[in-house]
Amino acid sequence: MGNKLLLQRRSLLKAIAGTAGLTLAATTLPAVGQARSWGASEDTATLIDIDLCTGCGACVTACRTRNLASIPRPERPLPRPYPAWVRSRDWSDRTNEISRLTPYNWLFIQSCTITVKGEEKRVFLPRRCLHCTNPQCVTLCSTGSLRQSQEGAVYISSATCMGDGPCDRACPWGIPQRQSGVGPYLNFAPQYVGNGQTFKCDHCRTLLAEGQSPACVAACPQGAMRTGPRAEMVRLAKELAGQRSGDIFGLKENGGTNTIYVSSVLFRDIEANLLRQGQVGIGMPSLRPAGASLDKENSLLRAVLLAPVAGAAMAGLRMWREKQMRRKP
Ligand code: SF4
Ligand code: SF4
Ligand code: SF4
């Protein structure tokens, strides 16, 4: 899909969000000009070498040290989600959970045992947002809260995210994680709109902008992760894969990603073993080789376009009903 069409869609979504009353008094939507031009050559990528990862978890600790304290906790009772069919998500009493992605844990180590040439091998994969070069989550975000930095880091603005969720459905790997009862919707109309906020890895974008490595990369004692210009990381990944007759994940998946994996074991074999060993599910992403799916994006786009209209109508009906109930003796 051309960049022009994506920009048009984004502008359209923002216009609709504004007319449906989704703009927030104290915040502003990002100007389209703030988004970087997709596919620009200055993308920064992290290359993760599966063969070097021992699963020690130092990267997970570094990520939590950097981010956990700033992720908001909800006040109880949690407001009823709106619309009513949306389930509340609450991880605030399980912030210690590190065996999957949660709003409070943006990186986890996925692992499986795999037999290679008759020998059992334990494989560890640090999993987080893949920072797609052309991410649907950004295109479909109904409030313009998902953005992409000049370095290609995909991040969520906590100032405007309403937790309404097209991003988690749009993501081929279900990366964004929602926490109910937090976020700007509480200052807006929590009984009538919003479901919290979504959270995910931001590729340590402020560090990238300063030319530094993400916290997880810097913390790895094995040197299993390396961050640099995407073209250089792709070249290195191809070189390593060539030496080992190995495999690369992230060159083409979902149109290309800025988290790239290299391994001596084929990723389709790792995926099959992860599935068999119960390591794939909600919060535990697959290695599904997602292509850029125009059909999925289009159906999600329709849902996003209709949601504000349906939401406004339902909110009006609900307010009217409550008013009628109050009038009854
Ligand atoms: S710190 Fe390095 S070796 Fe340890 S789990 Fe993370 S990527 Fe693997
Ligand atoms: S992996 Fe998912 S959440 Fe991350 S940039 Fe890609 S589409 Fe967005
Ligand atoms: S890049 Fe930053 S936010 Fe993302 S997993 Fe690593 S430390 Fe966490």
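This is a predicted model: local features need pLDDT of at least 70, side-chain atom pairs count only at pLDDT 80 or more; totals for chains, interfaces and linings use all residues.
Around ligand 3 there are 14 residues, and Cys63, Cys201, Cys204, Pro214 and Cys216 come nearest. A residue counts as near a molecule if its C-beta atom, placed from the backbone, lies within 6 Å of it. Two elements give two or more residues to this shell, namely α2 (58–67) and α6 (215–219). The largest share, four residues, comes from α2. Helices here are DSSP runs of H or I with at least four residues, strands are runs of E with at least two, and both are numbered from the N terminus. By class, the shell around ligand 3 holds nine nonpolar, two polar and three charged residues. In this division Ala, Val, Leu, Ile, Met, Phe, Trp, Tyr, Cys and Pro are nonpolar, Asp, Glu, Lys and Arg are charged, and the others, Gly among them, are polar.

Residues are numbered from 1 along each chain as its sequence is written, and chains are lettered from A and ligands numbered from 1 in the order in which they are written.

I turn to the other two ligands. Ligand 1 is surrounded by 15 residues, the closest being Cys53, Cys56, Ala58, Cys59 and Cys220. The elements contributing two or more residues to that shell are α2 and β3 (119–127). Its residues divide into 11 nonpolar, four polar and no charged. Ligand 2 has 14 residues around it, with Cys129, Cys132, Pro135, Cys137 and Cys171 closest. That shell has 10 nonpolar residues, three polar and one charged.

Which residues does isoleucine 260 contact, leaving aside its neighbours within four places in sequence? They are Ala45, Leu47, Met233, Val234, Ala237, Ile248, Phe249 and Gly250, where contact means that the two C-beta atoms, placed from the backbone, lie within 7 Å.

Met233 and Ala237 lead us to helix α7, where they are buried together with Arg230. These residues cover an arc of only 60° around the axis, and therefore lie on the same side of α7; the arc is that of the directions from the helix axis to the C-beta atoms. Their cover includes β1 (44–49), β8 (225–229), β9 (247–249) and β10 (259–263). The face turned away from the buried side carries the exposed residues Ala231, Glu239, Gly242 and Gln243.

Finally, some backbone details. Serine 245, in the loop between α7 and β9, has a positive phi of about 50° although it is not a glycine. Serine 245 is exposed, with 8 other C-beta atoms within 10 Å. Histidine 203, also not a glycine, has a positive phi of about 55°. Histidine 203 is buried, with 27 other C-beta atoms within 10 Å, and lies in the loop between β7 (197–199) and α5 (205–209). The peptide bond from arginine 76 to proline 77 is cis, with omega near -5°.

Key
A residue is buried if 20 or more other C-beta atoms lie within 10 Å of its own, exposed if 12 or fewer, and partly exposed in between; C-beta atoms are placed from the backbone.
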